Each structure stands twice: as C-alpha cells, then as structure tokens.
Amino acid sequence: MYQPNKYYKYNEIVNLLENWKEHFPDNFDYKTIGKSYEGRDIFVTILTNDLSNYKDKPAYYIDANHHAGEVTGSSTALYTIHYLLNNQSDKKVNYLLNNYTFFIVPRIAVDGSELYLTSAFSLRSSTKEYSPALDKGLIQKDIDDNGKILQMRFKSEVGNYKISDKDPRVMVKRQPDDVDGEFYEVVTEGLIEDFDGVEIKKDRSKWGLDFNRNYPQGWNPEHIQKGAGIYPLSETETRSVADFILENTNIAGAMSYHTYGGVILRPYCTRSDKEMNKNDLKYFKELGEIGEDLTDYPCWSIFEKFTMDKNNPSAGSFIDFTYDYLGITCFATELWDIRAKAGLDKITFQQRLDQTIKEKEEDQIKLLKYNDEYFDGKLFINWYKADHPQLGEVEVGGWDRKFSFQNPPEKLLEDVCHKNMMFTFSHALSMPKVDLEVKNVCKESDKVYKLDLVVFNKGALNTSGSNLAKKLDKFNNIEIKVEGDIEVIGEKMYKIDSLEGYQKKKISFVVMTRNDKSVNVIVNSKRAGVVCKKVNLELERN
Amino acid sequence: MNFNPSKYYKYDELVEQMNQWNKDYPELTKLYSIGKSYEERDMWLIELTNKNTGKSEDKPGYYIDGNFHAGEVTGCATAMYTVNHLLENYGKDKEVTFILDNFVVYVLPRVSVDGAEMYLTTAMTLRSSTRPYPFTEKQPGLHIKDMDGDGYITQMRIKDPNGKWKVSEKDPRLMLSRQPDDFEGEFYNVYDEGEIIDFDGVEIKAAQRLYGLDINRNSPVNWKPEHEQKGAGPYPFSEPETRNVANFILAHKNIAGLMSYHTTSGVHLRPSAQKPDKEMNKTDVKMFKEIGERGKEFTGYPHVNTFEGFVSSPQTGIFMDWAYENEGILSWSTELWDLLQRAGIKIENFKDRYTKKTFKTEEEDGLKVLKWNDEELDGNAFIKWRKFDHPQLGEVEIGGYKMKFFRQNPPEKLLEQECKKNMQFTLVHMKALPKLEISNIEIENVGDNVKKISAVVNNIGYQPTSGTEVAQKLKKYSTVKVELETNNCEVISKEKELDLGHLDGWSKKKVQWVVKVDDNSEAKIVACSDRAGKTENELSL
C-alpha cells in the first residue's frame with residue numbers, strides 16, 4: 001500500500017489516510033481543516049496514543065507543500081506518519097506517541113501540486129490566476145508535447161549565451177570581450193504573449209500567488225513582496241492553516257517542509273540574529289547542530305544566509321508567523337540538494353549571485369557528471385530540434401528540473417525522508433511537558449492532610465514554548481489544583497508563570513477529607529500538557 | 001633565604017620575602033605600605049631603581065600589580081619573580097641594568113591580600129575582597145562549602161530523571177550537557193559542592209555569593225552600579241584596596257606603563273573593555289599592537305582589545321581601562337596560564353569560551369583536558385566521583401577538578417616558566433618607556449662674553465613623553481620643559497625655560513639660548529617632564 005519512494009497524487013493520499021485510519025484506529029485520525037481554491041480538502045492527521053486525550057498533550061505540528069512543486073515535503077510527511085504507526089515498539093516512537101500529539105498536514109497546496117504532478121507545468125502555490133501589475137511576458141508551455149517544460153535556445157547575434165567547450169549540453173554566459181563565435185538566446189519553453197516578432201519577453205506566471213508570503217507577520221503588499229496576495233491570509237489554504245494553529249494552543253513545536261537546497265532554516269526571516277532573544281537563539285543553534293549531525297544539512301538563519309536582499313527580506317512567511325507571533329519554535333527545512341550529491345559546496349544566495357562565469361560553468365559540468373554517473377544522463381534532456389509556432393526552428397533541452405533540482409529522483413526519496421523525519425523527532429523531544437510527583441503526605445489530624453507535591457517540566461524548552469512565548473504571556477500560566485470529595489484549606493489553586501527546561505517547583509496543599517481519602521491533582525498548562533494524578537492520601541502518607 | 005619561583009606565597013611569607021629583598025639590595029630597593037586592606041593587612045609595595053642614577057620620581061615609571069582577584073595568585077608569583085630577576089641580575093645583565101639605571105619599577109605583588117589568604121589557606125574560593133557584599137548575611141540558596149572535608153570544593157552530582165547532565169560514554173569522569181532530544185538514559189543534576197540555606201527540600205539554586213565584590217569593576221571609568229554590573233560595589237573606589245592603588249598611581253605621575261596581572265586564559269588584554277578599536281585613539285592602538293607583537297614572541301600569547309576579543313559584553317569599572325582612559329597610562333592586563341591551549345584546544349576568540357560549542361566539541365574538549373591531567377599530573381587534578389551522604393540532599397556523589405592549581409593557576413611545577421615568559425613581556429614594555437636625553441651640546445662665541453648655547457633634547461623611548469596620545473588630551477601630565485639653570489650668568493634670549501610640548505616616541509627638538517657670561521659663570525641644561533624623567537647636562541662655559 002504505502003511505498004516510501006513515491007510522489008503521491010491527491011487521491012492516492014486520500015486512500016492512504018483512509019487506510020491508516022482503518023488499521024490504526026486507536027492512534028490515528030484525520031480531518032479536514034478547510035478547502036482549497038478548487039474545493040479539495042486540506043487534511044490534518046492526528047497521531048498519539050489514546051486519541052481521546054490528544055488536546056491534553058503538547059503537540060508537534062508538521063506541514064508540507066506550501067509550495068506546489070515541493071512535493072518532497074509531502075512525501076516526508078507521509079513517511080513520518082507511516083513510520084510512527086509502524087514502529088510503535090521502538091523506544092523513541094513509543095515515548096513520542098505517549099507524551100506528545102503529532103499534527104501532520106501532508107499537503108497544503110493541494111491544487112497546485114496536482115497540476116505539478118499531472119502536467120508539465122510548474123507553479124508556486126495556488127492554481128488561482130493571479131499576476132497583478134505584471135506586463136505581458138513569456139508563458140511556460142510544453143510546445144512539443146513531450147510532457148516536460150524545458151528550455152529553448154536559438155542562435156542570435158545579440159545572444160548572451162554560448163555553448164560550453166567543455167560539455168555541449170552546458171550553456172555558459174558570454175564574456176564581455178566575446179565578439180567572435182556562435183551566440184544563443186536561452187529562454188523557458190513557452191509562448192510569448194503579444195509577440196511583435198522580435199522581442200522575447202520575460203517569464204510571466206499566471207499563477208503568481210505565494211502562500212509563504214501570505215501570512216500576517218511582517219506582511220507587505222504585492223509591489224514590495226511578490227506573491228503576497230491582496231491581504232494577509234487572503235487564501236483559504238493559508239487561512240485554514242492559521243486557524244488550525246491558533247485553535248490548537250497546545251502546539252509547542254513546528255516544522256514546515258520546503259525544497260530545495262539541503263538547508264535547515266530557522267527564524268528570523270525578516271530580522272537579524274541580534275534581534276532575537278539570546279536564549280532562543282542558543283536553543284535554535286543547539287537544535288541546528290543536532291539537525292546537521294542527522295541530515296548533513298547546515299542550519300541557517302533565513303535572514304542571515306538565505307535572503308537575496310537584506311534590505312528587502314521575504315515578508316509574510318509561515319515561520320515568522322509561528323515564531324514571532326506565537327512563540328512556537330519552528331524550522332523550515334529545504335529538503336534535497338543535488339549540488340551536494342555532485343560534490344559541490346553549499347552556497348548562500350549572495351554567493352550564488354557573486355559566482356563568476358567560470359565558476360558557474362564548473363558547477364554545471366560537475367552536476368552533469370553526477371547525472372551521467374548515477375542516472376544514465378537522464379536528468380538532462382539533450383538539446384534537440386523543435387518547431388516553435390512563433391520563433392520557427394529552435395532547440396529544446398535542459399534539466400528536467402522537477403525531479404532533479406526541485407525534488408530528488410524517486411529512488412533517492414526514502415533517504416531524504418528518513419533523516420529529516422529523525423530531525424523532527426529530536427525537535428519534538430525537546431518540547432516541554434509537565435509532570436507531577438508526590439513528595440510527602442502528612443496526616444495532620446484525623447481528616448486533615450498536608451500534601452507536598454513536586455511539579456516539574458520533563459522537556460528542554462520552557463513550558464511556554466520559548467523565551468519569546470514567555471514574554472508574549474499568552475502561553476504562560478500553569479495551574480495546579482486538587483479536586484475530590486474534600487475541602488481545600490487555604491490556597492486552592494496555584495499558578496506558576498512558566499517552568500524552564502527540567503525545572504521543578506514545590507507546591508503544597510492542605511485538605512480536609514470526608515469519607516473518600518483520594519484526591520485528584522490536576523496540572524493544567526497551555527503548551528506543556530495536562531496531567532491528572534490520583535493520590536490516595538492514606539496510602540501515600542509517611 | 002632564597003626566593004622560590006615554584007611556590008605560591010602566603011601573606012606572611014610574602015612580607016618576609018619582600019623584607020629580605022629590601023635588606024639584600026638596599027641600593028636598589030625601597031619598601032613601603034600603600035595602605036591597609038579591609039581586614040587591616042598592609043599592602044606592601046617594593047620600588048626598584050638604581051638610587052645612584054637619580055631619584056625615582058625623576059625617572060619614567062613602570063607599575064606592576066598582581067592578584068586583584070583573590071584566586072589569581074599566579075599574578076603575585078609573576079610580580080615576585082620579576083622583582084627577584086631584576087635585583088639578582090642588576091650589574092650582570094645588560095637589559096636589567098639598563099632598566100634599573102633609567103627607570104623605576106613599582107611592584108605591588110598582591111592587591112587582594114585578604115582574599116588571597118583565604119584562597120591559599122582554606123578550601124574556599126572567592127572573587128576579591130572578604131568584605132560581605134551586597135548582603136552581610138548568607139542569602140538563601142546553595143553556598144559553596146567543602147562538605148566532605150577533603151580540603152577541596154568540587155562538584156556534587158545527583159541522579160535525577162529531570163537532570164541536565166549525563167555521563168560521557170568515553171570517560172566516566174566527564175559530565176556532558178544533556179541534549180534537547182535526550183529523552184532516555186541516566187541523567188544527573190550537577191552543582192557546586194556546598195550546602196543550601198533555607199532549603200525547601202526540592203529546589204536547588206546557587207545563592208548570591210557572600211563575598212560578592214569584584215574590585216576590578218570598582219574603578220570610576222564607565223562605572224555602573226550593582227544591578228547592571230555585578231560586584232561593582234556601592235560606588236567607584238569604595239574599597240580600601242582599590243582606593244589605595246588609585247591614590248598611589250595618582251601620586252606617582254611618572255608612571256607611563258602598567259601591567260595588572262590576572263588569570264586565566266593565556267592572552268594579553270589591553271583597553272578597551274567597553275568599545276572596539278575603531279572607537280579608540282589610532283596612534284595608541286598602533287602602539288599597543290606593536291608592543292603586543294613583540295611581547296608575544298616571548299609568551300606565545302595573542303594580544304587583544306578586551307571588548308573585541310575577550311568579553312562577551314562590555315565590562316565597566318575595569319582598573320586597566322581607568323589607568324588608560326583617565327590617566328593615559330599605556331596599560332596591560334595579562335591573563336596568565338593557558339591550560340586549554342596546552343590540552344590541545346584551539347581558541348579562535350576568547351569571547352566564546354563560555355558559550356557551549358557543538359555537543360561533539362564539548363565532549364572532545366572535555367576529554368582533551370582530562371588527558372592532559374592524566375599525562376602531566378598523573379590524573380591527580382581530578383577527584384573521582386564517589387558517594388557521599390549529604391546532610392540535606394541524601395546520597396550524592398562528589399568529584400571534579402581541583403580547580404585552584406590546575407585551571408585557575410598552574411600547578412607549582414609549571415609556575416616558573418609561566419612567570420618567566422610573562423616577565424619578559426613586561427621587560428619589553430619597560431624598555432619602550434619614554435625617556436629624555438640631551439645631546440649635541442654646542443657652545444659658540446657670538447660676541448663680547450656672549451655665547452650661544454644649542455642642544456638637542458631627545459625622547460629616546462618608543463612611547464611619547466606623555467605616555468600615550470590620550471594622556472596629551474587629558475592635559476594632566478606635564479609637557480617637556482627645558483630650563484637653562486644658571487649661576488652668575490645672564491640669559492639674554494627670550495625665555496630661560498622652554499616648553500617643547502610633548503615629544504613623540506623616537507623624536508627630538510632643538511633648543512637654544514643666548515647668554516652673557518663672566519669668569520664665574522656656571523650653567524646646566526635640565527630637561528624634564530612628568531613621564532619621561534629628568535635629565536641634566538652641566539655646561540663648560
């Protein structure tokens with residue numbers, strides 16, 4: 001039924017969910033959090049031992065496919081569900097499902113991914129037609145119906161590319177002093193809107209929305225931030241996700257999967273590390289080191305190392321929404337890096353812009369070498385003649401980007417899923433969790449007992465979820481009370497603001513019993529779970 | 001009694017040794033107390049110079065102290081080593097003879113006389129003064145104490161499923177930080193060995209220390225109060241120790257160079273502890289760097305701007321910063337003893353020494369230090385974890401490093417080499433002090449009993465005659481004044497005393513007078529400035 005090395009279409013995902021629910025009714029459930037533009041369901045899956053208690057446990061949230069083409073994320077989310085359900089005797093899985101709840105949203109851009117997986121088209125998020133303020137341009141189209149949208153090259157005296165003399169598949173940029181030779185223009189395979197017979201226009205996408213610029217934190221309108229939509233959370237997909245997260249206040253950690261690059265990204269998107277709470281920064285770096293050890297991906301601040309222009313960083317992202325608004329520690333892993341496979345170093349956006357023509361050529365040569373050695377050259381379609389309705393004879397060719405650059409070829413999928421899932425387990429294990437121990441019961445008189453308890457946090461993060469969350473104050477407040485057939489003398493309920501990682505505190509109650517000698521002690525927190533322990537005062541006393 | 005370079009001296013022994021030096025070298029030394037400590041101990045200072053070449057106040061001065069911090073006894077040892085070296089080698093070694101003939105060296109081996117005594121004679125460890133501060137009584141929480149009576153304050157570890165530590169699988173002595181995703185295994189909490197005041201049976205937190213003063217945050221430069229700078233004291237120079245040192249320095253305007261020893265790290269610190277080089281005086285920074293580079297050849301230690309290369313946040317009230325910014329003295333603070341580097345740990349920037357590296361590096365570094373301990377000291381610096389019945393906590397295990405003569409100071413057998421190479425750093429600096437000399441004296445007959453006197457006044461030292469460029473802006477330290485002192489001689493040219501301003505390092509200026517003489521005329525040129533000394537030449541008219 002479920003296979004790891006596969007990209008799933010929408011109906012196939014629905015089948016998987018139904019199947020899992022049938023086979024694991026005690027710890028798997030799913031429901032819809034909203035509908036997409038085209039009316040498809042966006043599902044969230046709930047995994048924990050004892051589903052009836054899922055709101056009383058700290059929850060780890062995973063989503064994938066904010067971006068239509070980034071289907072590796074979807075596969076990783078499904079892999080995680082499968083792994084958790086089928087390895088319940090594993091110590092780590094067992095601990096996770098006992099202590100925490102998992103909310104896994106396997107695909108957000110359900111419409112876009114469907115188009116991506118069943119046609120030659122590529123798009124950013126939604127299939128809603130949206131490209132305001134953009135002039136007419138070149139629209140991608142599979143002109144020769146081979147099922148792929150590649151590149152077109154044609155000879156031109158003012159072309160700014162030439163064929164590499166090291167590998168004829170590679171197009172290299174023309175040097176400033178290149179006057180002799182054969183030059184080409186290279187553009188995306190497609191049709192030019194309002195073509196005047198001469199000028200090739202820039203790419204324009206009909207589907208210009210970017211879900212990951214549509215969240216409220218730092219949101220900027222279209223003229224500053226491309227793809228941001230008409231207002232924050234204007235899209236049903238993003239609004240459904242935001243509503244879900246806001247409603248489920250027990251979410252204490254999050255991962256939002258993307259491709260590509262082979263980097264574990266962390267907040268902030270729009271601000272420098274200097275502006276982050278020092279202890280939270282320390283935590284992100286510690287987790288990042290664990291992540292690098294597990295995945296070989298470095299952990300980078302988006303602002304510091306994954307931004308094209310620090311003066312205009314990407315606004316309205318999901319990760320800044322969860323961390324900055326809600327104080328949830330969140331990562332966004334860019335899965336898969338073909339460059340690393342080809343033996344190339346990781347580079348930041350800035351470094352990529354600064355690459356010389358020679359360096360770019362070298363990189364392409366190495367990538368093709370990898371392609372030839374491991375994939376029989378199939379990831380690159382060699383240039384072939386084709387007839388273009390507007391341009392006449394052209395040559396079509398280039399990387400089949402969907403399952404080379406943007407996502408791994410299927411046979412490499414499982415490894416990517418597994419190691420990244422392991423990182424989310426490490427992140428989840430650091431989430432806070434309250435627990436309770438009886439330290440002492442003293443019988444003061446026939447009916448009066450003094451109960452000394454220790455309330456502690458079993459997890460590494462503080463019970464509010466982060467230091468930022470502590471400041472926001474919305475996720476503070478641990479309430480401890482006793483209930484039963486008793487009268488509580490003195491303090492009836494204790495409130496603790498927040499417990500640091502592994503911290504413990506002593507709480508005492510004095511109660512007068514009637515007939516029943518047992519009481520229920522309840523510890524209630526927003527993000528570190530709810531604990532209820534029954535204490536028999538007669539049996540426990542010393 | 002012979003000076004022992006491999007020994008840490010207690011107070012009485014220190015005083016005895018200083019008296020011995022004074023007795024053995026009466027022509028080279030002067031010994032006096034600059035004031036009393038909190039517990040009323042005298043702070044003894046020994047002044048070194050060849051008395052036969054002039055008075056100490058007429059010579060450029062170099063000041064050395066050690067042990068501002070109670071536990072940093074290597075500083076005292078290095079100061080003592082320096083005194084001994086200078087006295088023993090005067091007249092035998094060219095460099096030493098040059099220094100004591102031309103300069104005066106003021107050495108205050110121990111500033112925190114009370115604190116160091118507690119450090120050396122009990123298991124206790126503390127920052128500086130034994131004056132209880134900010135509270136006069138022990139506050140609630142964990143106070144360090146030698147619980148098991150073995151003479152050392154180490155650590156206690158207690159098994160706890162909510163513990164933040166775990167034992168290394170590679171060496172059972174080594175405790176490692178629990179990782180955020182460590183959910184199973186044996187965990188421990190680790191505390192300083194001690195007892196808890198007002199223990200509620202559950203929570204263990206380190207208490208505000210009783211001896212909470214840090215007298216190296218007590219000087220007036222950028223001074224900040226307790227809530228912003230721990231240990232700063234109620235007001236600048238509130239403590240007798242710091243006030244005595246300050247009064248001494250202010251009364252000795254000839255001091256142009258300074259070294260205040262600390263431990264630990266193996267780095268030569270220089271101003272500022274507050275701001276980066278680009279906000280400091282460029283000329284002075286260049287001087288610091290050049291002296292540092294040369295001195296580094298002896299010690300192997302890097303030299304850094306303290307803010308940029310040592311502290312993780314700006315530090316206020318630092319004595320070295322006060323001596324430089326307020327008094328314009330070219331000041332250093334060497335952090336002696338480089339255990340980590342000797343164990344093979346590479347240090348990129350000392351700023352990061354307290355931030356945790358990757359979990360892999362934490363274990364690697366921990367193992368390296370243990371290995372060094374095993375190879376160099378037969379493992380003796382580490383007390384293996386063993387069970388102990390703690391009166392409050394029940395069964396715990398006590399163990400850990402004997403920090404005092406391992407981490408904070410070198411073991412005695414390695415003390416001498418540490419002192420020697422760092423002394424050599426200060427000798428480099430001493431030779432760089434400004435110094436006036438008169439040369440090229442020419443006397444010309446220009447008429448009836450009228451003579452023209454020309455000479456060149458030189459600063460033969462590397463530092464300017466003000467000591468630093470900052471000192472020139474402070475205008476507290478006198479410029480170079482050249483006077484023609486005469487007897488039976490009339491000075492016809494405009495001034496008898498010429499003011500040359502300050503002379504740069506390695507520079508000179510011409511001076512001239514015209515005088516009317518007779519048979520009994522006598523004259524001499526006297527050049528002096530606060531910090532470049534006084535020099536004179538008799539003229540034969």
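## Terms and model

Helices (H or I, at least four residues) and strands (E, at least two) are DSSP runs, numbered from the N terminus. The model described here is predicted: local features need pLDDT of at least 70 and side-chain atom pairs count only at pLDDT 80 or more, while totals for chains, interfaces and linings use all residues. Residues are numbered from 1 along each chain as its sequence is written, chains are lettered from A and ligands numbered from 1 in the order in which they are written, and side-chain values use heavy atoms, with hydrogens and water left out.

## Where chain A meets chain B

The contact (heavy atoms within 4.5 Å) takes 24 residues from chain A and 19 residues from chain B. About 2000 Å² is buried between chain A and chain B, 57% of it on carbon and sulfur atoms. Glu289(A), Tyr502(A) and Lys504(A) supply 32% of the area that chain A buries against chain B, more than any other three residues. Buried area here is the accessible area (1.4 Å probe) that two parts lose on being put together, summed over both.

The interface of chain A and chain B holds 4 salt bridges, each a side-chain nitrogen of Lys or Arg within 4 Å of a carboxyl oxygen of Asp or Glu. Lys91(A) forms a salt bridge with Glu184(B), and their closest N and O atoms are 3.3 Å apart. On the side of chain A that touches chain B, the elements giving two or more residues are α3 (91-99), α6 (278-295), α12 (413-429), β18 (448-457) and β22 (504-513) of chain A. α6(A) gives the most to that side, with 6 residues. By class, the side of chain A that touches chain B has 9 nonpolar, 5 polar and 10 charged residues. In this scheme Ala, Val, Leu, Ile, Met, Phe, Trp, Tyr, Cys and Pro count as nonpolar, Asp, Glu, Lys and Arg as charged, and the others, Gly among them, as polar.

## A covered strand in chain A

In strand β4 (residues 101-105) of chain A, 5 of its 5 residues are buried. Buried means under 20% relative accessible area, exposed over 50%, and partly exposed in between (1.4 Å probe, protein chains only). In a regular strand the side chains alternate between the two faces of the sheet. Both faces of β4(A) are covered, with Thr101(A), Phe103(A) and Val105(A) on one side and Phe102(A) and Ile104(A) on the other.

Two strands pair if DSSP finds at least two bridges between them. β4(A) pairs with strand β2 (residues 41-47) of chain A in the antiparallel sense over 3 bridges, and Ile46(A) stands opposite Phe103(A). β4(A) also pairs with strand β3 (residues 59-64) of chain A, in the parallel sense over 5 bridges. Here Tyr60(A) is the bridge partner of Phe102(A).

## Backbone exceptions

Most residues other than glycine have a negative phi, and most peptide bonds are trans. In chain A, the peptide bond from Thr259(A) to Tyr260(A) is cis, with omega near -5°. Tyr260(A) is in the loop between β11 (251-259) and β12 (263-266) of chain A. The peptide bond from Pro267(A) to Tyr268(A) is cis too, with omega near 0°, and Tyr268(A) is in the loop between β12 and α6 of chain A.

In chain B, Asn222(B) is not a glycine but has a positive phi of about 55°. Trp337(B) has a positive phi near 75° and lies in the loop between β15 (330-336) and α9 (339-342) of chain B. Trp337(B) is buried, with a relative accessible area of 0%, whereas Asn222(B) is partly exposed, at 30%.
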